[in-house]
Each structure stands twice: as C-alpha cells, then as structure tokens.
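Thanks for making time this morning; I would like to walk through one model with you, moving from a single backbone feature to the salt bridges. Please have the structure open as I speak.

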Amino acid sequence: MTRQAKRRTRRPAGTGAVIQRGDGRWIGRLKQPDGKVRWFSGPNQAAVEEKLAEAGRLLGAGLPLPDTKVTVGGWLTEWLDHLQGLKASTVHYYRQYVTAYVLRSDLANKPLARLEKADLLHLYRTMTSPKTEGGMALSTTTAHHLAAILHLALESAVEDGKVARNAATLVPRKQRPKVNRSEMTVLADEDFERFFDAIRGDRLEALFVVAIREGLRQGEILALRWQDVDLERGTITVIRSLRGADTGGPKSKTSRRSVVLFDETVDALRDHRTRQLQERLRVGTMWEDGDLVFPNEFGRFQSPQRLRDRLKAILEGAGLPRIRFHDLRHSAATNWLKGNMHPKVASERLGHASVAITLDLYSHVTLGMQREAVDAITRKRSGR
C-alpha cells in the first residue's frame with residue numbers, strides 16, 4: 001500500500017508549504033506573486049525549508065527566482081555570446097578556455113541554480129590533477145585563468161538574476177587555483193649560450209633570437225610586420241599581437257612599446273630578411289604578402305603549434321632543458337637582470353604595467369642581485 005504524501009508543518013500564509021512524499025522525500029511548494037507555483041525538493045525537511053526561505057528573501061527583495069532550466073554550460077555559452085566592452089581577442093581567449101575545459105565536462109549539464117561550492121572545488125582539483133587520475137593536467141597558470149573566467153561569468157549570472165549568489169565567492173581564497181611560480185624554467189649561463197649555437201642556421205633563427213634576446217611574447221612576434229622594424233635605428237615597435245586567427249592590439253596598454261635591439265638581433269634580422277626574399281622568389285605567385293616578419297613558407301601567419309614543435313626539437317637536439325616558448329621571454333629578462341640592467345628598464349622592455357610586477361616575477365634573480373650588492377659594499381667597507 002502506497003503512503004500518501006502528508007503535510008508536516010503549518011506555515012504562515014505566503015511562505016509556502018512543506019510536505020513529505022510517500023517515497024520519503026520532502027518537497028516544498030511556493031506560490032509566486034505572478035500566480036505561478038515553484039516546487040522545491042530535498043533529502044529532508046530542513047533542506048527544503050532553507051530553499052523556501054531563500055526564495056522568500058529573493059521575492060521580498062523584488063528579485064526573480066533562479067531559472068532551474070538553465071545549465072552551467074547553457075549560461076556560459078549565452079554569456080560568451082553577449083560579452084561587450086572587451087577586445088575580440090579577449091573574448092576568443094575566454095571562449096577557448098570555456099569550450100576546452102568546461103563545456104565538455106559533466107559540470108556543463110548541471111543546473112546553474114544548483115551549482116555549489118563543492119562543484120567548483122571538485123573542478124579546481126580536477127584541473128591540475130594528472131590525466132592518469134582522471135584530471136586535466138593543466139598548469140597552475142591555466143587553472144588560475146580558468147577559475148577567474150568562471151568567476152566573471154557567475155558574477156554576471158547574479159547581475160542578470162539567473163542565480164541568487166555567485167558560487168565562486170563561497171570558495172575560500174586559499175582553495176582557489178594559484179599560479180605556481182616554480183613552473184618558470186629559464187635558460188641561463190651556459191644553457192643560454194648553447195641555445196644560440198643550436199638555432200644557428202635554422203629557418204626561424206631570427207625569431208628565436210627576438211624571443212630570447214628581446215623578450216617579446218609569442219603573439220607579438222608572430223604578428224610583427226616589417227613596417228614595425230627599423231634596422232637602421234635598431235628598434236622594434238610592438239603594436240599588435242596574434243591571438244587565434246586574428247591580430248589585435250597587444251596584451252595591455254603598456255604592452256604597446258618600442259624596444260631597442262641588441263646588435264646580434266639586428267644582424268639576425270638582416271640575414272632573415274635576405275633569406276625571406278629568396279624564399280619568396282621560390283614560391284612565386286603562391287606567396288601572400290602580409291608584410292609579416294616571421295610568416296610560414298607562403299607568407300601566411302606562422303602556426304603557434306608548429307613553432308612550439310620546432311622549439312621542442314631544437315632543445316632535444318641540443319640536450320637542453322625542455323621549456324615552453326614563453327620561457328624564452330623569462331630567459332631574456334633573467335639574462336638582462338643578471339647583466340645589471342635596471343629593473344625599471346627591464347619592465348618597460350617587457351611591457352609590464354609596473355616595475356613591481358617585474359620585481360615580483362623575477363625575485364629569484366633580484367635576490368641574487370641584492371646579495372652581490374651587499375657583498376660589494378661589504379668588501380668596499382672592509383677595504384677601508
């Protein structure tokens with residue numbers, strides 16, 4: 001014999017009703033000001049009471065109740081499609097992260113209104129866990145960026161009345177993904193010089209010289225045009241960056257800058273231009289002239305993946321540590337600072353917003369500089 005659902009408590013008018021179903025589950029019923037009825041469910045009476053109370057607070061504040069039909073993936077897609085006030089490259093970057101790491105996960109199918117702190121904590125742990133353990137094996141930098149994007153999207157959901165609160169704010173700061181600075185690997189001292197030997201004669205020699213000598217970002221290098229290069233004055237003007245299939249402004253306002261080149265960079269670029277003209281003649285009408293300094297064999301944008309593959313082959317062939325392309329930029333800055341370049345000058349060359357960012361990022365170098373300065377002063381005083 002099936003038990004009938006029965007009312008457990010008498011509640012004040014307008015605050016809904018809570019009953020226990022025949023199968024033992026608890027449900028709540030609340031009539032909204034527009035006459036529509038919203039149902040809530042939970043494993044016990046207290047859970048349903050809490051949901052009814054939260055719904056009552058929202059209605060009392062004149063706010064709509066969250067739409068339980070909207071999923072996390074559905075909201076993220078809608079949010080990305082309606083982003084305004086951002087560069088196209090930034091939206092493209094957001095979409096890449098969300099598509100690759102969230103829309104293909106189980107979290108995408110979860111109702112947005114039911115997203116909890118525990119769901120995000122699970123996602124954060126999965127981000128950096130090894131693939132052998134079912135994780136994504138992301139770097140801490142990527143995990144940090146993805147968490148920041150999710151925070152923005154959920155905050156926008158609150159503003160649009162899709163949810164009552166941003167679940168990301170419930171996660172304590174110490175449990176959110178943080179960038180592990182130890183991931184930075186640089187080529188220094190003998191390895192720095194061995195790298196120059198390894199790239200000598202390579203089709204992309206000048207590109208790698210610009211990366212490890214001048215510290216330009218990958219996107220800035222691939223978007224570089226000959227009109228941005230003044231070999232007579234020995235300068236490069238960074239005014240654009242390649243992101244995805246499009247070029248736009250560089251990463252930030254301070255990334256728009258002029259860089260004074262080292263002599264070996266100027267020499268490498270002169271040789272590169274001569275080789276490129278010969279390459280262009282061989283290709284003939286198949287060449288697409290975009291004035292790019294570092295195009296592929298047909299004048300089009302160089303593939304970032306192909307560039308990374310070439311770097312990997314060069315490093316393995318020379319027996320050098322395996323590093324990311326971005327670590328060439330770190331290697332350049334480390335070399336400058338070890339050569340006593342003023343941190344302010346290094347900061348401007350890197351396009352950082354402030355010298356504080358440079359000092360924080362390269363504290364492993366500046367600490368050594370401090371030691372050398374202290375030792376030098378000590379020796380000077382001892383000599384007296």
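Let me begin just after helix α11, where asparagine 340 takes a positive phi of about 70 degrees. Before going further, the provenance: this is a predicted model, in which local features need pLDDT of at least 70 and side-chain atom pairs count only at pLDDT 80 or more, while totals for chains, interfaces and linings use all residues. Residues are numbered from 1 along each chain as its sequence is written, and side-chain values use heavy atoms, with hydrogens and water left out.

Helices here are DSSP runs of H or I with at least four residues, and strands are runs of E with at least two, both numbered from the N terminus; on that basis the protein chain has 14 helices and nine strands. Helix α11 itself covers residues 326-338, and its 13 residues reach 19 Å from the first C-alpha to the last, close to the 18 Å expected at 1.5 Å a residue, where the expected span is 1.5 Å times one less than the number of residues.

How many of the 13 residues of α11 are buried? Taking buried as under 20% relative accessible area, exposed as over 50% and partly exposed as in between, with a 1.4 Å probe and protein chains only, the count is ten, among them Trp336 and Leu337. For the protein chain, buried residues make up 41% of the 384 residues.

A salt bridge means a side-chain nitrogen of Lys or Arg within 4 Å of a carboxyl oxygen of Asp or Glu, and the structure holds 19 of them. Lysine 338 is partly exposed, at a relative accessible area of 47%.

Arginine 200 and aspartate 197 form another, at 2.9 Å; here arginine 200 is exposed, at 55%, whereas aspartate 197 counts as partly exposed, at 48%. Finally, Arg217, Glu220 and Arg257 are linked in a network of salt bridges.
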